[in-house]
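Good morning, and thank you for the time on today's agenda.

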Amino acid sequence: MKRRTTMVSLIAAVVLLAVTVLPVVAQGAGEKEIVLDYFSGRVETVDWDAEKIAGFEAENPGITVEYEFQKDASNVIKVKLASGEVPDITTVVNQDFIDQGIYMDLSDAAFWNRILPSVKDLCTDLRTGKQYKVATNVTMGGLFYNKAVFTELGLSDAQTWEQFVANLEAIKKAYPDKTPLFLGGKDSWTLGHFVEFWAHGIVKQQLGIPGSRQAFLDNTVEWDAPNGIMENFAKALLELRDKGLLNSDAITATYDNQKEAFASGEAVIINQGMWVVGDIVKLNPAMATNIGFGPFPSVVKGLSPMVLCAEDSVYAISATSEHQDAALKFLEYMFSVEVQKEYSEARSMPSAFIDVESNWSPIKDDAKRLASAYVNINFSTEAPSGLSVDDTGRLIQKLLNGDYASPKVFATEYQKLWDNAY
Amino acid sequence: MHIDTGSWHRYMALPAFLLFSLFFLFPLMQGAVLSFTDWDGFSTPSFIGFQNFVDFLHDARALQDVRTTVLFALGSAPLLNLCGLALALLLNKKFRGKQVVRALLYLPAVISPMIMGSIWYLLLQPKRGLFALLLQRVGVSGQGNWMLSSNLALVIIVLVNVWQYAGMTMVIYLAGLQAIPLEHYEAADIEGASSSQTFRHIVFPQLIPSLKINIITNIIGSLSVFEAILALTDGGPGYDTESLSIYILRMCYGNKTGYSTAVALMLFLIILIPVFISLRFFNKVEER
């Protein structure tokens, strides 16, 4: 009996030893393996990213890239930061995180001499003069229009607000069943882009890109100035609503409705970025040759039309990453000419790399023309992350719903929203 | 051989208590601590005393959300109970296909409220939804846009919520009904009681435990409404149909994490008060 007990104890001890020691031994054996966490919020390139990661891993056997995509990445990353799980590489970058020193300084990286100087400027942190992020592409935003309708009615890019309204009225008169300008306001970010492009664009035009970035950083723009930007912007939107130039469900239609309406020909003009082109062509391949691209007219008299021409597809490396060299190696792979050509064509966006030539979009020629003919504006990346396009879009929902007594009240509310975010 | 089970049985609850502490008590206490800070979600928090609670009382959007949440609960909780009870009474009768009808009525409750809300949005979307298109087909045009009126939008959200969860309330009432001994009905029948008298004096008093469970769970569920609103109106137009739960989420990820935990504690209190009152009321009724 005693012998049996001793045997059982011995076996139990061996099993226990194996269970506790084996993982340690296994860990020791795999010590040289580098695991990079790559956190992305880009829904359009989930499969593409996975494919490229496989290619990188095949070329770099000692490095494994653990890819994580989150649709709500800008929020999820806050949870990660709060729990100390900063990913080695991320596509989510904002000014608050830069100020907190979360990202690695990329200023000395070799890839900058391949990137457009204007994009490098937009990637430069105004407070420190350093680059904590790198953008691989340029995105554009403007008014997408139905070329056939414009040609038939003899319409062209509106140079002034009055000309823009006249264009919409001409469309309404010729095609009473079509919507001259279609909004997908239930997805409030689409309305927020109106503020971003049409209203913030005025500041960018008046102060220039560096001046406006500094003004946003310091919160010195007077949004509620009498007869100022937001008041004129509100007046302009209300004019479109009151003249019946918007869809009747402008506040409750979705982004998908907007794309479908444009692809089917129901809508003649939409306010969007070039990320919409691929989806429209998917919905109706015949539209590939029928998509025109024009600038936003200024809602303040005396200013020029504008086009959003901003950095896109951003990457950053964690300042606390233990594998910064491996992370840079991964970025260098992703930034190779072949990979970037593929990316540019997959995303329908021009590359920010001067050595990358790609056939990126059916609106390529229009985009080139607009970028050189009109004032280029950027995204307001210096605004605090607490101020989202979703919030600004909700103010427009209320404006179009008649919840503000006057455009002046709207301007005051906008100023409040902006101030509260700082 | 005597084994003293009394000394170690009490420790059997320890694993459950540890899990409860880890996933409920600890986050609750941590949240309570954070509610006294200005934490933005990623940088180092600073202690600011009761400032978040003072701000809440002056926050027009938050107070509007409290109103929306309470209105929703006032509409949803009674309707859920009325519909659930009515369905339970109907399905307590004998008829062919009863099991299938019960399953069908319960089915919406097992579907994610976000998916359910999205389906209803597709059906009810003004101008483009299935119902709007059907109305257009039969020549009824210009049906208006229910989503532009916050009151009407709220009514629709309440109805969708009732449609989804009435089956769940029904099941609890049905269990209560089936627990009533048949002899009680037979005695009432022999005594010549009418249907309404039977319900009032026999059925209803014995349904009190089911009523208690349903009222309390519906108050909690309705005051913490989230997905149905998110899918149907996204809280719009503006913030008119935004509930306090949605506001907490948006503040949490809008760089006001400390403030959002203070609002979450306020919501906890808002839920606790009616639950506490209901519990006291039902306990007194049950004592009688």
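Where they touch, domain 1 of chain A contributes six residues and domain 2 of chain A contributes 10 residues. On the domain 1 side of that contact in chain A there are three nonpolar, two polar and one charged residues.

Please keep in mind throughout that this is a predicted model. For chain A the mean pLDDT is 90, and 92% of the residues score at least 70. Where pLDDT is low, the predicted coordinates should not be read in detail.

Let me now describe chain A as a whole. It holds 16 helices and nine strands, and its C-alpha trace spans about 100 × 50 × 45 Å along the principal axes. Of its 422 residues, 46% are buried. Counting contacts in chain A with a separation of 6 or more, 77% are between residues 24 or more positions apart.

Chain B is built from 14 helices and zero strands. Its C-alpha trace extends about 85 × 70 × 35 Å along the principal axes. The radius of gyration of chain B is 24 Å, whereas a compact globule of 288 residues would have one near 19 Å. Buried residues account for 34% of the 288 residues in chain B. Of the contacts in chain B between residues at least 6 apart in sequence, 72% join residues at least 24 apart.

How do the two chains meet? In the contact between them, 24 residues of chain A face 19 residues of chain B. On the chain A side, the elements giving two or more residues are helix H3 (73-82), helix H4 (95-99) and helix H15 (389-400) of chain A. H3(A) gives the most, with four residues. By class, this side of chain A comprises six nonpolar, 11 polar and seven charged residues.

Which residues does Met230(A) contact, leaving aside its neighbours within four places in sequence? They are Ala199(A), Trp223(A), Asp224(A), Phe410(A), Ala411(A) and Tyr414(A).

Helix H10 of chain A, residues 255-264, is mostly covered, with seven of its 10 residues buried. Among the buried residues of H10(A) are Lys259(A) and Glu260(A), together with Ala261(A), Phe262(A) and Ala263(A). The buried residues of H10(A) pack against strand E4 (134-146), strand E5 (179-182), helix H8 (188-218), strand E6 (267-273) and helix H11 (275-283) of chain A. After H10(A) comes Gly265(A), with a positive phi near 90 degrees.

Finally, some details of the backbone. Most residues other than glycine have a negative phi, and most peptide bonds are trans. Ser348(A), which is not a glycine, has a positive phi of about 55 degrees. Ser348(A) sits in the loop between helix H13 (337-347) and helix H14 (364-373) of chain A. Is Ser348(A) buried or exposed? Ser348(A) is buried, because 24 other C-beta atoms lie within 10 Å and the cut-off for burial is 20 or more.

In chain B, Asn255(B) also has a positive phi, near 70 degrees. Asn255(B) lies in the loop between H13 and helix H14 (257-287) of chain B, and it counts as buried, with 24 C-beta neighbours inside 10 Å. The peptide bond from Gly236(B) to Pro237(B) is cis, with omega near 0 degrees. Pro237(B) is placed in the loop between helix H12 (227-232) and helix H13 (244-252) of chain B.

Conventions. Residues numbered from 1 in each chain as written. Chains lettered and ligands numbered in written order. Predicted model: local features only at pLDDT ≥ 70, side-chain atom pairs only at ≥ 80, totals over all residues. Contact = placed C-beta atoms within 7 Å. Nonpolar A, V, L, I, M, F, W, Y, C, P; charged D, E, K, R; others polar. Rg over C-alpha atoms; globule rule 2.2 N^0.38 Å. Buried ≥ 20, exposed ≤ 12 C-beta atoms within 10 Å, placed from the backbone. pLDDT = per-residue confidence, 0-100.
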